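Hello,

Here is the structure I promised to pass on to you. Please open it alongside this email, and then read on for what turned up in it.

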Amino acid sequence: MEITLQHNFFGVNLDSLKTSIYKDHLKIAINSCRMNTDLKTWCLYTGEKSDMYDWLVSKNITMLDCNQTLLVDKINHAENGTFNQGIARGAWLRVEIPNLVRSLDIKTTHVLYTDVDVIFTNKWNSVMLTTDGIPRFACSIEGDTQSNYNTGVMVMNVEYMQNTYSSFMNYVYDTGIGTFNPYDQAALNNFYPVNSITRLQRRYWNWTPYMNNGTLPDDVARIKHFHGPKLNFVRSKGACMPIDTNPLHEFIHHLYNQSPQKYDEMLSLADVYLHD
């Protein structure tokens, strides 16, 4: 069965972009998407309008204000010392996409979501061939595990996600939005188990340099993902994030060390798209 993807969505906290490497990542994602695909792009956002907001509008990106949603209100009142509200106000926005598709009266069965730290390559193909039509949603497996999926690239069945939105969000609010780690990915994995969704082939749809201990080729990758090490980490070869007592820092170094050469090659590709 063929599914033609016509729309893709990003979610950002504009306030966080002012002081983070994700501003560069977003420019790379938008520019590569515009150059290598014919997707109509939408951006869900929180935070105050900024120069990055103006830049996105200049690229003909349709901006969707999510500041006044119940979701963001819950994030703002989450009581958890380890919960980063700034990250959450961007990351959690993907769960709002199906309802926004309905309110905007977008006529489509499936939409694409990606994190901002991706590159759309010239291997992109807007038609995805599947055997089951993606009755729920599709993601690739997280890293080299088999127990969880990574929500950095999602193909959503709009109707299914609309129909299950209320029950999913009730689960999130009853459990406590600040208790999930990492953020909405953990909530989605808990509520929609890995064996119930469609698996995307990661070598096509969510390629990262560290996969298969750095041996997964990138020759057919449509979307490459800076999952773990970001631009600043690769540029500094990890010097910007010294290994210390933070387990996350150690893990990111571990991912990078699987294939430093492939990260350098990915950085070179990213820099092609890092412009205004």
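This is a predicted model: local features need pLDDT of at least 70, side-chain atom pairs count only at pLDDT 80 or more; totals for chains, interfaces and linings use all residues.

Which residues in H2 meet H3? They are Lys23, Leu26, Lys27, Ile30 and Asn31. On the H3 side, the partners are Asp51, Met52, Trp55 and Leu56. Sorted by class, this contact of H2 with H3 has five nonpolar residues, one polar residue and three charged ones.

Next, the salt bridges. Side chains of opposite charge can pair when their charged atoms come close. The count here comes to 12 salt bridges, and I picked out a few for you to look up.

One of them joins Arg235 to Asp24, with the closest N and O atoms 3.9 Å apart. This pair links distant parts of the chain, since Arg235 sits in helix H11 (residues 231-235) and Asp24 in helix H2, 211 residues apart. Arg235 has a relative accessible area of 39%, so it is partly exposed. Asp24 is at 23%, and therefore counts as partly exposed as well. Asp24 and Arg235 also belong to a network of salt bridges that takes in Asp271.

Now find Arg94 and Asp184, whose side chains meet in a salt bridge at 2.5 Å, N to O. This pair also connects distant parts of the chain: Arg94 lies in the loop between helix H5 (85-91) and helix H6 (97-103), while Asp184 lies in helix H8 (residues 183-191), 90 residues apart. Both Arg94 and Asp184 are buried.

The last pair to look up is Arg203 with Asp219, a salt bridge at 4.0 Å, N to O. Arg203 is in helix H9 (residues 202-205), and Asp219 is in the loop between helix H10 (211-214) and strand S11 (223-225), 16 residues apart. With a relative accessible area of 27%, Arg203 is partly exposed. Asp219 is partly exposed too, at 42%.

Enjoy exploring, and write back with any questions.

Best wishes

Note on methods: Residues are numbered from 1 along each chain as its sequence is written. Side-chain values use heavy atoms; hydrogens and water are left out. Contact means heavy atoms within 4.5 Å. Helices (H or I, at least four residues) and strands (E, at least two) are DSSP runs, numbered from the N terminus. Ala, Val, Leu, Ile, Met, Phe, Trp, Tyr, Cys and Pro count as nonpolar, Asp, Glu, Lys and Arg as charged, and the others, Gly among them, as polar. Buried means under 20% relative accessible area, exposed over 50%, partly exposed in between (1.4 Å probe, protein chains only).
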